[in-house]
Amino acid sequence: MEDVLTEIPPPSRFFQEDLNNFAPPSPPLPSPFLVFSNPKPNEPLRPSLLIVAISSPSLYVFHQLSSKTLIGSLILPEIPFSGNSIEPSLGDKSCNIYTHNDAHDSSIIISVQCSIAAERSNIVAKLLIGEQIIPGRVLILDSVQSQSFRGKLSPDETFAFKLETSSEREGLDDSSLLKGINYFPSGSVVDGLAAALLGRCQMRNIKGTLCVLWPEFGGAAVSLVKSLLQRNVLPGLDLSMNADGVISWTKNHPFDSELYT
Amino acid sequence: MEFVVEKGKKPNHQCSTLLLPALSIGNVGQLAMDLMVSSTRAERIGFFDDPFLLPCVGNDAYGPQPQGQLALPLEAYDSSSNAVTLVQQRSPVVKGKMVEFAKNLADFAAATGKKHAVVLSSLDFGRCRNIDMSSGLQTYYLSSTTSDGTDDYCEQLGWKRLQEYNPTQRCWKYLSTLADGNALQDDNPFEDELEEEDYYPSLPFAALFSCFKAKGLKVTCLLCYCSEGDNIQDAFHLAEAACKLLGLSPSNFHGNEGNGWLIPYSWKTVYGPPPDMSIF
């Protein structure tokens, strides 16, 4: 029987490296960067609205959107291009940047179709907001992260929560981008790229909204995204699509492997 | 690291004491900070934008009814009536960047005129060599007042110096060198498995201690042993110790009933949702 005083401690809510000053840092990676088809040096893009789609349902919705034009891409050196198609495809590991072709507003849509490590999220958020792209308002669409959510998550329910920056909240009631959506419950957190983006908005005093939906994929979630966009964000947006096949597509496919590229 | 002052707020430079958590087993330091921020009704004055902190966001942690005020990974609060600035950290530090993170915090403290930093941290009970439960939960401390870490006031309060602090021990010396800026962490000579005696200096509180000390601030670490589980009581213990050290009395915290402690709203679900009773 091991000595309880000297045996190795049990697993912690922290990883061991989180509590070790001498843990070696991960090997440095080259910085990510933006490429545009029509770059204008020293002239940042200034959309009135920047939409960042991270969740599978939102990626699906925007992929179906015909009234958009590909203008650029975020390149992450650690994400290989192998397996990507010539034309944008839902199966690509990419982070494409589109303009939404609407005469009434200037919107940019970023479809984040690759997983971005938490450690890279801050640097990516800096690239996407506040330097080469300076939006008037930001909407981030992600899913509720079950590992960080302290409430009950039923697979039969569909719901959305929001978090807003101070400048978004300070506007008049009518001006809130996602009226009628409840705030994310206190005690739960959102992490990763979505958090980095909203945090960046808060730091830069930009109107920002993060909308997290549940479930993470499926027709009901897609319908909810459509409804939110058409009702609150881009009224009149043509999002007609075939809902069949939605159920089977998810951003993080369990059998995804570079062996088959 | 950049400190962003919240719109409409102004840091109170009379708050000469900085109270902050170190990441530690059971999140005890952070839970204690939650309790302190909530109970002192400290006012948020700003956030830190630090590249070494992993991102996270949430709804207001304190209440009484969260109205959507965004909570960020590293925030500063002022309790002007108690002359204390409180820092709360909600997410881990990027692997291998703890010392740099600690340096950034020390730079902030020095730049904003702080005189005393108090760090709250727990220690793994499985590492405790001298168990003495005769007088209940014991508070340990480490102070920059003397070279061996002792402090007369802490001794008077009945606390015990962390015996495992040895400034000549290799890892404590290395931390001190890093904090002084005389070494690069890339030259880490201890990449191989740490030995038993390296455990305490490897903990985040040690990085904060060394970096604040290197900046010329007085720093006191308040420590308690615990195991991971329901660590609320450990949080109370550390928060009470912090109050004793700073001469604060929770019963005098303005507007709070009972013993003065105000449980943060976010603690309602700190260990997850209640079990699904429908299965019965």
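A: Of the 261 residues of chain A, 48% count as buried, where buried means under 20% relative accessible area, exposed over 50% and partly exposed in between (1.4 Å probe, protein chains only). This is a predicted model, in which local features need pLDDT of at least 70 and side-chain atom pairs count only at pLDDT 80 or more, while totals for chains, interfaces and linings use all residues. Residues are numbered from 1 along each chain as its sequence is written, chains are lettered from A and ligands numbered from 1 in the order in which they are written, and side-chain values use heavy atoms, with hydrogens and water left out.

Q: How many helices and strands does chain A have?

A: Chain A has five helices and ten strands. Helices (H or I, at least four residues) and strands (E, at least two) are DSSP runs, numbered from the N terminus.

Q: Is Ser58(A) buried or exposed?

A: Ser58(A) has a relative accessible area of 0%, so it is buried. It is found in helix H1 of chain A, residues 56-64.

Q: And what is Ser58(A) in contact with?

A: Leaving aside neighbours within four places in sequence, Ser58(A) is in contact with Ala53(A), Leu141(A) and Val225(A). Contact means heavy atoms within 4.5 Å.

Q: At what angle do H2(A) and H4(A) cross?

A: Roughly 50°, with the axes of H2(A) (residues 118-128) and H4(A) (residues 193-203) coming within 8 Å. Axes are lines fitted to C-alpha atoms, for helices over the stretch in contact, and angles run from 0 to 180 degrees between N-to-C directions. H2(A) and H4(A) are therefore oblique to each other; angles under 35 degrees count as roughly parallel, over 145 as roughly antiparallel, 65 to 115 as roughly perpendicular and the rest as oblique.

Q: Which residues of H2(A) and H4(A) meet?

A: Ser121(A), Asn122(A), Val124(A), Ala125(A), Lys126(A) and Leu128(A) on H2(A) meet Leu193(A), Ala196(A), Leu197(A) and Arg200(A) on H4(A).

Q: Switching to chain B. Where is Lys213(B)?

A: Lys213(B) is in helix H6 of chain B, residues 204-214. Its relative accessibility is 34%, so Lys213(B) counts as partly exposed.

Q: What does Lys213(B) touch?

A: Not counting residues up to four places away in sequence, Lys213(B) touches Ser144(B), Tyr165(B) and Val219(B). Ser144(B) is 69 residues from Lys213(B) in sequence, yet their C-alpha atoms are 6.5 Å apart in space.

Q: How many residues of H6(B) are buried?

A: Nine of the eleven, so H6(B) is largely enclosed by the rest of the structure. Among them are Phe205(B), Leu208(B), Phe209(B) and Phe212(B). After H6(B) comes Gly216(B), with a positive phi near 85°.

Q: How many residues of chain B are in contact with chain A?

A: 70 residues of chain B are in contact with 50 residues of chain A. The area buried between chain B and chain A is about 4,500 Å², and carbon and sulfur atoms give 56% of it. Buried area is the accessible area (1.4 Å probe) that two parts lose on being put together, summed over both.

Q: Which residues in chain B lose the most area to chain A?

A: Pro55(B), Val57(B) and Lys95(B), which together make up 16% of what the chain B side buries.
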